[in-house]
Amino acid sequence: MCLGHGDQTSFRHELASTLLAVSRFSDAKWKVEAISRTKKLLENDRDPHLSSWLAYRDSSVMRMSGMPRESEYALQTFLRDVALSSPEELDISRRFNAQRGELIISFCENLIRQGELNEAKAELMEWMPLGREASTLETITLRARDTTLGKILRYQGLFREAFGLLEGVLRDSLLDDYFEGTGWYHVLLSGVADLYCELGQPADAEKLLQQELNPMRENRTQNSPTGRRLQVSLAETYLQRSMYAEAASLLTDLQRELSSSGFPDYKAHVNSFHIWVSLARISHRKSEWVEAISCWRHALRVLDRIKLNAGFNAGLVRCSP
């Protein structure tokens with residue numbers, strides 16, 4: 001049976017939506033492949049929702065792959081196309097507004113990576129839901145925006161302000177299955193746990209993390225990218241309480257898992273860096289100087305791979321031994 005033009009477009013849009021949804025999963029190679037296939041499907045397509053979704057995922061995947069310029073280009077290309085579109089071509093709906101918010105978040109993530117925290121904060125605060133009550137999609141984007149804002153506040157050393165914001169987002173989202181399925185929920189959990197540690201409450205951080213990690217272990221999903229990030233946060237709770245054996249065991253297992261995984265993306269390398277730094281700190285506290293130096297060198301090699309060997313973190317690593 002032959003499909004008419006309308007049916008072909010509908011099928012193409014459904015396939016593109018599926019590819020964009022699953023581009024959040026698996027390894028870096030698959031993410032790039034899913035985005036590449038979507039671009040071919042949507043070539044010369046003017047659908048505003050799918051175009052903005054593609055720009056968001058393309059930008060995110062490029063950033064995860066350690067390609068900030070390409071991430072920036074994906075956003076700029078979409079914004080240029082929007083600027084050249086007539087008002088009739090744009091669907092200024094709540095769905096499009098939510099997608100626009102995600103693009104702003106992606107743009108701000110690039111600013112954060114460049115150390116432009118105040119600029120990123122200002123951009124985030126520009127986005128708001130349409131109308132008095134946010135739609136479901138706008139609510140998800142609003143929580144993602146506040147999660148990113150909390151990260152900025154933490155990087156600025158405003159730990160109590162960041163905790164107040166993120167703890168409120170977490171409390172409001174506990175019964176929201178839609179938000180939990182986006183991937184932002186685990187980012188939020190990790191952020192709250194890290195802030196508990198910054199405020200000297202590592203036991204509260206462990207309780208929060210174990211509540212999420214226990215069912216993940218039962219389902220054997222604890223070694224997913226977000227699961228690994230939660231475990232890195234868990235190791236920090238052990239380290240802060242001088243539970244060195246527990247922290248070292250968890251970190252060593254995580255490093256072994258990362259080393260055996262194929263096609264690590266930018267986030268995997270960042271996790272690897274945090275793992276080596278934490279192992280080095282454990283060795284320092286135990287006065288195991290040779291082992292500490294070895295771990296610091298491993299951490300520096302990870303920064304070399306993701307081209308961050310000239311920044312603050314690299315300087316800190318070089319001074320530590």
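User: Why is H186 called buried?
Analyst: Buried means under 20% relative accessible area, exposed over 50% and partly exposed in between, with a 1.4 Å probe and protein chains only. H186 has 16% relative accessibility, so it counts as buried. This is a predicted model, where local features need pLDDT of at least 70 and side-chain atom pairs count only at pLDDT 80 or more, while totals for chains, interfaces and linings use all residues. Residues are numbered from 1 along each chain as its sequence is written, and side-chain values use heavy atoms, with hydrogens and water left out.

User: What makes the pairing of H186 with E212 a polar contact?
Analyst: The term needs a pair of N or O atoms within 3.5 Å; within protein, one must be able to donate a hydrogen and the other to accept it, and residues adjacent in sequence count only if both atoms are side-chain atoms. The side chains of H186 and E212 meet that at 2.8 Å.

User: Why is α3 described as largely enclosed?
Analyst: Because 16 of its 17 residues are buried, the rest of the structure largely encloses α3. Just after α3, G66 takes a positive phi of about 75 degrees.

Key
Helices (H or I, at least four residues) and strands (E, at least two) are DSSP runs, numbered from the N terminus.
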